[in-house]
Amino acid sequence: MLTVKRWYALAALVLCGLVIGLDGTVLNVALATLSADLGATTGELQWIVAAYLVTFSVFLLPAGAAGDRWGRKRLLLAGVALFGASSALAAFATDAATLIAARAVMGVGAAIILPLSMSTLPVIFAENERSRAISVWTVGLALGLPLGPVVGGWLLENYWWGSVFLINIPVAAIAIAAGAVLLPESRDPSPSRLDVWSMLLSMTGLGLLVYGVIEAPVAGWGSAKVLATIGTGMVALVLFWFRDSLGTRRLFENKQFTSGTIATALSALALMGVLFVLPLRLQAVDGYTAMGTGLRLIPLIAGLMVTGKLAERLIARLGHRVVITCGMLLLSAGFLIGSFTRGYPMTAAWLFLAGLGLGAAMVPAMDAVLAALPPERAGAGSALVQTLRQVAGAFGVAGLGSLLNSVYGARLPANAPESARESIVAAVRDPSLAAAAREAFLSGMDSVLIACAAGAFLGAVIVAVFFRASAPAAVQQPDDPQRQLHPAGSAPEGQ
């Protein structure tokens, strides 16, 4: 019974992750509709997306520390409720300002959900089942990314724009009901004193850093505004690092945690960069619909599911370092092949190869990170990993987006209008410019894929050289009732 209950509890956590992954891409296909129905300007559309990313990044670390202190289940369910309520506010917003505010609150809810759902996994599963549980949770999170355009496209074709937010509400309600019944409570039995200054420094630093990265493609990486924002953010993070009352610096003393976190962050950077540029190519260059674009991203998830399912056996046979290194190399190879191939059949092939690499790298990396965390620090450690993933993803979209725009603009004919230089969508509408614009965009995409391949290869080198697994902990039997209630070093609710 306890074994069955564990996997039902995992289903509740997967629902929480799925709704975040889905929300990450479902909005992209609705921006044009929002502009028409709400009268949103280009700047307001940017902030409808950016408000979520900024608050998501800012609140990850405080949420993880708060879960360790006050209870991970309690705060996780509160985060899901907040995400659902703010989704309802977003669905029925009547102006851009209200929608931006609702998106900011959704980001807070997501920042609570993501690290605490991850840190709950070692509470429920013993070491011999943790890899399998992480692979299921990771696939659930990743599945939402390509499903977003499919679901969003279908909803926009049949309903009003608010439906792309309204779908979050029933999923959140089911997750809350399942979590309340199935999830155990856990916390740090001896929490350290709450340090407000550390919280403020981490939130300020991350907020300014992510804001600067988001603004960079618009204002320019060399603009005074971007340099000042990113510079101030980095100063705040350096001050936070030296103060370090949240214990994040001590976590990096473990090479297994550090290497696994770097591999996860570099995978996220490459993945988000590709998911930013590839849908543009499939829609603007190849002419697919939003729903068709989402369907054509499925080979990536198929590959991830294959190696995600095999991760537990691969780790047992080869060890974390070999599996993660090979996964990063596969990811690099997939992107490299994509940089010099054309046509969807070859695109599907390299997406599948990249998916195999992603599953072989990310699932064992997360398993290694969780294995390296002391149980009482699971929330803060998981939050740190997710924070670095989120910041890496923001850098991936902004930095690789800037690379794409730079190459694309340089390859366009000199007499191309400004509107065509700013948007491939506008360029392909001009019959005299469409062919040259498509070739210019593909050149830019090739550069992005080469950069992603280099990042994944760097991750493989770092893991191969620096990964050192710590001594294995004693494995508890999966049906041990005490394991179901709380891990060693964590206190269950009421004790």
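Me: In this predicted model, what makes Arg-281 and Asp-286 a salt bridge?

Reply: Happy to walk through that one. The closest N and O atoms of Arg-281 and Asp-286 are 3.0 Å apart. A salt bridge needs an Arg or Lys side-chain nitrogen within 4 Å of a carboxyl oxygen of Asp or Glu, so the pair Arg-281 and Asp-286 qualifies.

Me: Why is Arg-281 called buried?

Reply: Its relative accessibility is 4%. Buried means under 20%, so Arg-281 counts as buried.

Me: And why is Asp-286 called partly exposed?

Reply: Asp-286 has a relative accessible area of 34%. Partly exposed lies between the buried limit of 20% and the exposed limit of 50%, so that is the term for Asp-286.

Me: How many salt bridges does this rule give?

Reply: The count comes to 2. Asp-446 also forms one, with Arg-342, and there the closest N and O atoms are 2.8 Å apart.

Me: Why is the pair of Asp-446 and Arg-342 said to tie parts of the chain together?

Reply: Asp-446 lies in helix 20, while Arg-342 sits in the loop between helix 15 (320–338) and helix 16 (344–372), so the bridge links parts 104 residues apart in sequence. Helix 20 itself covers residues 434–466.

Me: Is Asp-446 buried or exposed, and how do you know?

Reply: Asp-446 has a relative accessible area of 14%. The cut-off for buried is under 20%, so Asp-446 is buried.

Me: Which residues does Asp-446 contact, leaving aside neighbours within four places in sequence?

Reply: Those are Gly-338, Ser-339 and Arg-342.

Notes
Residues are numbered from 1 along each chain as its sequence is written. This is a predicted model: local features need pLDDT of at least 70, side-chain atom pairs count only at pLDDT 80 or more; totals for chains, interfaces and linings use all residues. Side-chain values use heavy atoms; hydrogens and water are left out. Helices (H or I, at least four residues) and strands (E, at least two) are DSSP runs, numbered from the N terminus. Contact means heavy atoms within 4.5 Å. Buried means under 20% relative accessible area, exposed over 50%, partly exposed in between (1.4 Å probe, protein chains only).
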